[in-house]
Amino acid sequence: MSTRTRIAFLKGHGTENDFVIVPDPENTIELPPAAVAALCDRRAGIGGDGLLHVVRSAAHPEARHLAAEAEWFMDYRNGDGSIAEMCGNGVRVFARYLQRAGHVAEGDIAVATRGGVKAVHIAKDGDVTVGMGRALLPEGDVTVSVGERGWPARNVNMGNPHAVAFVEDLAHAGDLLSPPPFSPAGAYPDGVNVEFVIDRGPGHVAMRVHERGSGETRSCGTGACAVAVATARRDGADPAATGVPATYTVDVPGGTLVITERPDGEIEMTGPAVIVAEGEIDSVWLETATGA
């Protein structure tokens, strides 16, 4: 841990996907998994789905090679302390923090992540857009089930696997505490995120999601992108073939995201990013909580 007695933090969320933010431009604060898990604990800590460690790319060994492209590195950690490559909602909140701190202004910025450099746009209306890469659509039929009900699902890979099922009622997804069964068993050897989707109107859908390893979450950025791509194909829209972008409004339990698939295959996600609080972490508490 740092020799300082207190460590600055902020709390933010993007469509209720919430994060502890730890500004550390020169990468001087040690954040072992136990410390991250303690900070993200919703009863004994600050509480969050994950932690955004804000570091200059040049100061972090994993991001130095990206420093010429992006000044800032999102050293993202899951709520259990494990390291993750990317988090779409997290990138939006990360960009909002950089703006609040005066490091960047409205407009286009680049954010380094373990998943590469992400293009981000901070709009005047407050929404933040992040480039999410391209979707892959593996071949083969997939089905998912909840109880006695079963549905065909679209296999979409956004760098992580998704099964998108269109249902009549989101309540049919059940409690989403345990992973919905899928077949064939070999379709997702490492598990899968399962999205259940209903239509709300033209270009407008709503979803619930079981995220592998987490259960139901309030929002999933890659899941919303997968849903938009699957819905576009169901509707007969393929921007690569038509040259016309496809845009869908996707309601998640925590809010609303707007997803656009461009003719070049790139997918952009737009949504809110909110900073709700800032304060200081007591390093004595943190050392005690982590057994340091």
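Select Ile259 to begin: in this predicted model, and setting aside neighbours within four places in sequence, Ile259 is in contact with Ala224, Cys225, Ala228, Ala246, Thr247, Tyr248, Val250, Ile267, Glu268 and Met269. Next, display the largest nonpolar core, which has 50 residues. Within this core, Ile259 and Val250 touch the most other members. Colour helix H3, residues 221-234, as the next step; H3 gives the most to this core, contributing eight residues. A second, separate core has 17 residues, and Val144, Val167, Val192 and Ala206 are included in it. In soluble globular proteins, nonpolar side chains tend to be buried together.

Now select Ala273, found in the loop between strand S17 (267-271) and strand S18 (274-282). Is Ala273 buried or exposed? Ala273 has a relative accessible area of 6%, under the 20% limit, and is therefore buried. Not counting residues up to four places away in sequence, Ala273 touches His13, Arg92, Val93, Arg96 and Val128.

H2 is mostly covered, with 11 of its 13 residues buried. Among the buried residues of H2 are Arg92, Val93 and Arg96, which also touch Ala273.

Notes
Residues numbered from 1 in each chain as written. Predicted model: local features only at pLDDT ≥ 70, side-chain atom pairs only at ≥ 80, totals over all residues. Heavy atoms only, no water. Core = buried A, V, L, I, M, F, W, Y, C linked by side-chain atoms within 4.5 Å. Buried < 20%, exposed > 50% of the residue type's maximum accessible area, 1.4 Å probe, protein only. Helix = DSSP H or I, 4+ residues; strand = E, 2+ residues; numbered from the N terminus. Contact = heavy atoms within 4.5 Å.
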